[in-house]
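Thanks for passing this one along.

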Amino acid sequence: MTDTRDVKIRVRNLSKVFGNQPDKALKLRDEGMKRPEILEKTGQTLGLSNVDFDVMEGELLVIMGLSGSGKSTLIRCLNRLIEPTEGEILIDGDDVAKLDDKSLLRCRRKHFSMVFQNFALFPHRTVQQNAEFGLEVRGEEKEVCYQRGRDALKQVGLDGWEDAYPSQLSGGMQQRVGLARALANDSTVLLMDEAFSALDPLIRKDMQQELLALQHKMKKTTIFITHDLDEALSIGDRIILLKDGEIVQIGSPESILTSPANDYVARFVEGVDMSRILTARSAMTDVRATARDDDGPRTALRKMGDNGLDSLFVVRRDRTVLGIITAEDTERAVRENLTDLSSIIHSDCCQVSPEEPLHNLFAMFAGHHHPLAVVDEQSRLLGVVIKGSVLAELAEAGEAHA
Amino acid sequence: MSDATGFTIPKIELGDWIETGLDYLTTNYSSITRGISKFTETGIDVLNDALMWLPEWALIALVTLLCWRLAGTRLAIGSVLGLGLIWNLDLWDPMIESLTLVVIATLVAVVIAVPLGILAALSDRFYKVIMPVLDFMQTMPAFVYLIPAIPFFGIGSVSAIFATVIFSMPPAIRFTTLGIRQVPNDLIEAADAFGATRSQKLFKLQLPLSLPTVMAGINQTIMLALSMVVIAAMIGADGLGNEVWKAIQRLRPGDGFEAGIAVVILAMLLDRLTQTFSKEKKPRS
Ligand SMILES: Nc1ncnc2c1ncn2[C@@H]1O[C@H](COP(=O)(O)OP(=O)(O)OP(=O)(O)O)[C@@H](O)[C@H]1O
Ligand SMILES: [Mg+2]
């Protein structure tokens, strides 16, 4: 299904050698040597070697690998914070690797914004001024900067904190500022280098959910780096696995789980048989909001907006499930001044019992991002299961098992 | 220089060469030096007259208010007592003359030093060139600078300013460079990632973040300037130094100490006042 989308970034043959004799290192690489031998022979570190992949328009691509595998190098080559040694990086057809200084600045301003592991907020600027930075650098009008900065802060739930300084905020809030700074300038690609790794686990889960909600809403092409399989599985549309600067596997979370190509993943996947005893109940989360069958489209849309959802289950007064409505359809209904929801309800939405084994849920997610409704025998809504939490649950079980 | 064999290595005529060079400069560039001289003199006169025009009590009140706002009541009390003592000792006019020289010399030094410091922070090559020069400038005994000043600008305040600027500039350069180089790399990277140009990085990031350090450098420059302005009495600069100088010539240690105490008071006030700028500004919480 990802293949039907346009390619946003095309990376070809990307290599990076740290050191002063890159040619020598690449030659040895071509003769079949691996990173440790090359380092020993020449003192050059092969940061990346022949990396090839595409990033689809609007997808959330996760790059995963152990520490030192080259994740940061890879993401920094894309906007050339690190100069690639060889290879092409085509974004909308332009080769970033060949841009002169001026065009590179323009390219960074238009296409890339970045969120950093250690936040990298500007301590002498207020939260608002931090959010405005990208726009200010691009030379936007004062009011535009102000407005968009404010909007971005609102999106990440920081309204009211505009005049605070970063040092006055908690870690989670600081990273929200980092995210707002990246969202404000509306670049076409969002780069996130271990953006949530410095946060404590609960906040981290929250931020993941929020990122997913934002990403579903804005369809922004996002490249997210992590060394955490859990995180990769719960947020990634696709995952790239790096090892010693080379790609070992590219694929959907499912395919990474079902046919792992590297030991690190394989160890997790051993435990995935656990899914036969794990059930929908374990991956189920509370329903944040539902639409009532007598709600109008406007009410439904507001409920989605208030809760950051892009779909809602429609229930009767006794909580029996009628179906699901999407934000898109509801918006259309509002525009067309429809007064009830009946015409836009998808009554074929998937309903599962809490006892359904987790691995059976994969198939039901195929082709869409909507959650599944978990219902009791009377078809009353108990909770929802989203795709990410199924995978996360499996991964956790795997971890515990391994 | 001779050794046992009677073989002599002739003395290198370093001093002669330097004199020849200075002669060349003074004869060929006298119009420029005269211009600078005139300009500086005017600056000194204007500032001096302005400070003298104010009645003593008014200036004391102004300074005290400033101390109170910037540093608190303790310094304010200190300023009233200290300046009052100077007034009482009849050293008010020389104190103002010294202050004028310090202010002008510091202004000139900062205007030259900060851009040089920025350059040294951004260019490794310039850094390698200027650091030994700064070491040289700082280890050279202070009054050596007085000698070449005279052929250029003659006896008097302009020569004093010239020597003071040279002598007091190094810390401002060093601290500016240090401050900018201290800006964390990840912040520079973040600015780069958003497509900031070199000058945007400089003005939006490096300079604001290095401001406390730069101010610490300027504070040191002011202190050095004050010490030099006092020594510059030897080449005819007015002010407190001149009072000390006169006391030495007349063998009147009491007068000398009085003037010395006035220098200390002035130094402490200038130091504490400028230090408040170099402290990290805490965000209001
Ligand atoms: N500037 C550099 N000079 C030399 N070697 C470097 C440089 N930057 C990175 N490397 C090396 O390149 C390899 C990949 O580093 P990179 O930072 O991309 O790893 P990573 O996957 O991001 O790891 P982590 O999870 O620790 O952030 C490492 O072996 C590292 O030591
Ligand atoms: Mg990294």
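1. From the N terminus on, chain B runs α-α-α-α-α-α-α-α-α-α-α-α. That comes to twelve helices and zero strands, where helices (H or I, at least four residues) and strands (E, at least two) are DSSP runs numbered from the N terminus. The C-alpha trace of chain B spans about 75 × 55 × 45 Å along its principal axes.

2. A word on the ground rules: this is a predicted model, in which local features need pLDDT of at least 70 and side-chain atom pairs count only at pLDDT 80 or more, while totals for chains, interfaces and linings use all residues. Residues are numbered from 1 along each chain as its sequence is written, chains are lettered from A and ligands numbered from 1 in the order in which they are written, and side-chain values use heavy atoms, with hydrogens and water left out.

3. Staying with chain B, look at helix 5 (residues 92–122) and helix 11 (residues 240–249), whose axes come within 7 Å and cross at roughly 125°. Axes here are lines fitted to C-alpha atoms, for helices over the stretch in contact, and angles run from 0 to 180 degrees between N-to-C directions. Helix 5 of chain B and helix 11 of chain B are therefore oblique to each other (angles under 35 degrees count as roughly parallel, over 145 as roughly antiparallel, 65 to 115 as roughly perpendicular and the rest as oblique). Pro94(B), Met95(B) and Ser98(B) of helix 5 of chain B touch Leu240(B), Gly241(B) and Glu243(B) of helix 11 of chain B, contact meaning heavy atoms within 4.5 Å. These residues divide into three nonpolar, two polar and one charged; Ala, Val, Leu, Ile, Met, Phe, Trp, Tyr, Cys and Pro count as nonpolar, Asp, Glu, Lys and Arg as charged, and the others, Gly among them, as polar.

4. Over in chain A, the axes of helix 13 (residues 297–307) and helix 14 (residues 327–335) come within 9 Å and cross at roughly 140°. This pair in chain A is therefore oblique too. The contact includes Leu301(A) and Met304(A) from helix 13 of chain A, and Ala333(A) and Val334(A) from helix 14 of chain A. By type, the contact residues are seven nonpolar, one polar and two charged.

5. Helix 5 (residues 127–138) and helix 7 (residues 171–184) of chain A have axes that come within 7 Å and cross at roughly 30°. Among the residues in contact are Phe133(A) of helix 5 of chain A and Arg181(A) of helix 7 of chain A. The tally is six nonpolar, one polar and one charged.

6. Finally, which residues are around ligand 1? They include Phe18(A), Arg35(A), Gly70(A), Thr73(A) and Glu194(A), each having a heavy atom within 4 Å of the ligand. A polar side-chain atom of Ser72(A) lies 2.7 Å from an oxygen atom of ligand 1. For Lys71(A), a polar backbone atom is 2.9 Å from a ligand 1 oxygen atom.

How values were computed: Polar contact = N/O pair within 3.5 Å; in protein donor to acceptor, adjacent residues only side chain to side chain.
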